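Could you walk me through this model in my viewer, stop by stop? I would like to know what to select next and what is there.

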Amino acid sequence: MAAPFKKKTKVLLEKDCEFAVGIRNGRVLELRPEGYLIFWDEWTDPETGECNESTAGVISYDAIVTENNYGNLKVLQRPLAKQFRRQEIRRVERMPIEIARQRFKKQYVLAIQDLVDAGELQLIRDDFCDKIIKIVAAGKNRYDEYLAALSIRGRKRGGARATKSKREIEKSVEFHQGFKCGQTMWKWYWQWRTDGDDGLFDKYRNCGKYQRYDDLTDNFIESILGNLWDQERVTIKSLVESVQAAIDAENERRERLLVPAAKMKRVGYDYILRLIKEHAPLDHKIRKHGWDKAYKDLHTLGVGIETSRALQRVEIDEYTVDLFVLMQKTDLFEHLPQSIKDILSLDGLARRVTLSAALDVHTRCFVALQIVPEGIESPLKQTVEMIYSDKNPIADAAGAKFGWPMAGAPETIVLDRGSAYVTDDAYDVLASLGITNLGAPAGKPWLKPFIERVFRTIHSDLLLRFSGRAFSNVVEREENDAAGRATLTLEAFLVWLVRWTVDAYHTKKHPALGMSPKRAWEKSIKECTPRSLSSDEMREVFGVPGRRKLSQAGLRVCHVDYQSDFLMEQFVNSNAEYFEFLRWDGDIGTISARCDDGPWYTVLAKDEQWIGKNDIDLREWLQEQQEEDPDELRARRDFINDATRESVRLKQLKGLISLPKTPAELRKDVQRFVRHADTAERRHKAGPYRGLLDDVDDGARDHPRDNNHVAEAAHEHVCDGGTDFDDDSME
């Protein structure tokens, strides 16, 4: 039918078509250039209860298309389509089991028609009853052929199985043995002759829809259940026993009445469970597990989180892996400083390690994944730094087949309010980088569902492949000694973790993306390239501060000399010796330095080999410097020994080497060295100072030969504790 409007306009309705938009029903009166002329039936607003009268008006073609796109348009009856009676059930509303039963009956009806056409069966009821065996045999044979054809059509290329539910439903069709009688076959055949295929539908959908218990019984049971639901998590079996006991007691009470009342029927397990599911699933969940648990399991998600580009939203969280690893020192950690080795606790014991991960929501790619040592209180700074850093060297070191180029500046970071992230340093880092901080309350994992889900993927896809698994509780653990069964070292675990991330997880098709995370990242950065930061900005946020003394060569920081015009001028003109610096491991070719709280200046490495290099390159170079050739060491040792021997020989020929002294000569030299020393010990032994002739009388002066004897006697008296000399002692 041609219409007087543009050909690009999409026409969904025709004249006399009955349809519904939301809760309003209408009928198309005619098609006009500006739109449909609609007669709207009267309708009632379900929110306000306001009743609106029937009206007529024009609605544009685009408006109907929009309603159709949002699922609000429903066609009730088209003028050329089959007219359905009001109580008739449309084919699309039929359940699969109903359609299967109808097709089962149809094969028997078609078998009957074949027998009638062949003249082997007459359209007489008694003949149907007499030849029931032939009818059932022909119908069963025809139905088996139908199932075989259905199975063959359902096969796919490569041996893939067809939709299993459809074939299983077809095979599960069963009727009571009473259908194998002539009366039933006679009824089926004439229903098909009268109403066609729709006449073979039975009332299977009404099975089980009768009320076994009255409303009083239901209300009584609901009141009993309402008193039993609590956070002790009572089982359904316990609820059934309690309800049955209450019903028995109530029936006894009714028997004791003056006019005995009717007894209530005892209920079973299935009835109690169905009653909970039909009438109080939310109330039961809240009162059994608490509001938080009920909200976590039953709340609706709605549209969910929407992103349009990579790094628009990044979720960060920690995860203690469900695997014990051996904390052993290996070649991977040889170039690390001893302080970092101590933090990692490389003592050889088996422990569980904690991972700090950052996941890009738009592409589901890991943009950061590292181990959090126990000594680090806030791992956010290191994790955010890894988001900005190129991780291809990590993938290359682990032997991965693909790279790890996922890096850039995130726009929004979602993290929980745990103690590891609620710190001033964490907030300062995010504020300095201009990152929006979305803090999710602790204990609400559904607010950052993507990182929570990927942790389960790590557990199920990687950790279960190795021994040393730590189970969640003692019941699951049983007799399993997880620490004793640990076989992976920390180095091996890191290698497998990186390889799994790059070669297994990033390359596997994600059901929500329709492609692998790696391909999603490549597609996203083509449309919108992530922003990066300069080395100067990275030093300001992630730089390690320090203080060094300025020399003629510049500032030496971590074995690298840095020099610039600013430093040379300060060395000549300034009295300051020590300078502050900022050094970032991601770019050691430059540092930031300042003097006396002045402005920061960028200082280049004096040796150009360090321009554009990182700390890993430096440590590899240092490791090479420490490694010396054994032949070179042996040659230098031999030179020193030979030179020493030749020097001694020549000195001996010239008499330049003195002979060693004997022990007696050494003791004599010692006495000479200490003879004239003045010590407190010697002063004490000598006593107070006395003049040379203070203790000598006139007689003694006349006999100078006895003076030495008198002095020695006086010294012995003082040492023995005496104080004065009397006359007798003088004599």
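Here is a short tour of ring pairs, charges over rings, a surface patch and salt bridges.

Keep in mind as you go that this is a predicted model.

**Aromatic pairs**

Across the whole structure, a search turns up 21 aromatic pairs. Begin by selecting F466 and W496: their ring centres are 5.7 Å apart and the planes meet at 50 degrees, so this pair is tilted. Colour by secondary structure and you will find F466 in the loop between α16 (449-461) and α17 (474-477), while W496 belongs to helix α18 (residues 490-505); the pair therefore ties together parts that are 30 residues apart in sequence. With a relative accessible area of 36%, W496 is partly exposed.

Next, select W500 and Y505. Here the ring centres lie 5.5 Å apart with planes at 25 degrees, so the pair is stacked. Is W500 buried or exposed? W500 counts as buried, at 5% relative accessibility, and Y505 is buried too, at 9%.

**Charges over rings**

Move to R24 and W40: the charged end of R24 sits over the W40 ring, 4.4 Å from its centre. Then try K391 and W404, where the charged end of K391 is over the ring of W404, 6.0 Å from the centre.

V670 sits in helix α24 (residues 663-674) and is partly exposed at 47% relative accessibility.

**Salt bridges**

There are 33 salt bridges in the structure. Start with R27 and D16, whose closest N and O atoms are 3.8 Å apart. R27 is in strand β2 (residues 24-32) and D16 in the segment before β1 (18-21), so this bridge ties together parts 11 residues apart in sequence. R27 is partly exposed at 32% relative accessibility, and D16 is partly exposed at 38%.

Now go to helix α20 (residues 535-542), where D536 and R539 are 3 residues apart, or about one helical turn. Their salt bridge has its closest N and O atoms 3.3 Å apart. D536 is partly exposed at 31% relative accessibility, whereas R539 is buried at 2%.

Another stop is D638 with R637, joined by a salt bridge of 3.2 Å, N to O. Finish by selecting D317, D416, K448 and E452, which salt bridges with shared partners join into one network.

Notes. Residues are numbered from 1 along each chain as its sequence is written. This is a predicted model: local features need pLDDT of at least 70, side-chain atom pairs count only at pLDDT 80 or more; totals for chains, interfaces and linings use all residues. Side-chain values use heavy atoms; hydrogens and water are left out. Rings of Phe, Tyr and Trp (its six-membered ring) pair if their centres lie within 6.5 Å; planes under 30 degrees apart count as stacked, over 60 as edge-to-face and the rest as tilted. Helices (H or I, at least four residues) and strands (E, at least two) are DSSP runs, numbered from the N terminus. Buried means under 20% relative accessible area, exposed over 50%, partly exposed in between (1.4 Å probe, protein chains only). A charge sits over a ring if NZ of Lys or CZ of Arg is within 6 Å of the ring centre and within 35 degrees of the ring normal. A salt bridge is a side-chain nitrogen of Lys or Arg within 4 Å of a carboxyl oxygen of Asp or Glu.
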